[in-house]
Amino acid sequence: MQDRLAAFAAARDWQRFHTPKNLVAALSVEASELVEIFQWLTPEQSAQVMEEPSTAARVEDEVADVLAYLLQFCEVLGIDALAALSTKIDRNERRFPARKGAGDGIDDQEGRHSPE
C-alpha cells in the first residue's frame, strides 16, 4: 500500500508537499474527522454506527484517510509500521502482564485503561 500511495503522489507531483510535518498535520485532521462522526453519539449508538450504510461509508472513508496518511508518514521517515507496532505490543506485554482478575477494566495501579 505504501508503494501504491507513493506512486499516486508521484503521478501528481505531490511528494514535495509530503513532509513529515505536513503528513502528521493531515493525519491529525483526518483523525479528527473520524472523531467527529462519533462525537455526540451515545456508547450504544457508537457501537451500531456501521449499521447505517451512509454513516458506515463515512467511517470507512475516514479510516482510509487516516491509514493513508499514517502510511505515507511512515514511508517518508523510513518507519516500518508493522515492526513498530509489534515492538510496542511486546513492550506493553512486559509493562502490563496478564493477571488473575483480568477484565476488571483497570490495567495498572494508576487506573489507566490504555497502555499508550
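Gln72 is buried, with a relative accessible area of 12%; buried means under 20%, exposed over 50%, and partly exposed in between, using a 1.4 Å probe and protein chains only. Gln72 sits in helix α4, residues 53–77. Helices here are DSSP runs of H or I with at least four residues, strands are runs of E with at least two, and both are numbered from the N terminus. Leaving aside residues up to four places away in sequence, Gln72 touches Leu5, His18 and Leu23, where contact means heavy atoms within 4.5 Å.

A word on the source. This is a predicted model, where local features need pLDDT of at least 70, side-chain atom pairs count only at pLDDT 80 or more, and totals for chains, interfaces and linings use all residues. Residues are numbered from 1 along each chain as its sequence is written, and side-chain values use heavy atoms, with hydrogens and water left out.

Next, Phe17. Phe17 is in the loop between α1 (2–11) and α2 (20–38), and is partly exposed at 43%. Together with Phe8 and Trp14, Phe17 makes a nonpolar surface patch of about 300 Å². Patch residues have over 30% relative accessible area and no salt bridge; like charges are joined within 9 Å, and nonpolar side chains (Val, Leu, Ile, Met, Phe, Trp, Tyr) within 5 Å. Areas come from the Shrake-Rupley method with a 1.4 Å probe, and for residues only the protein chains shown count as cover.

Last, charges. How many salt bridges are there? The count is 1, the rule being a side-chain nitrogen of Lys or Arg within 4 Å of a carboxyl oxygen of Asp or Glu. Asp13 pairs with Arg16, their closest N and O atoms 3.5 Å apart. Asp13 is partly exposed at 44%, while Arg16 is exposed at 56%.
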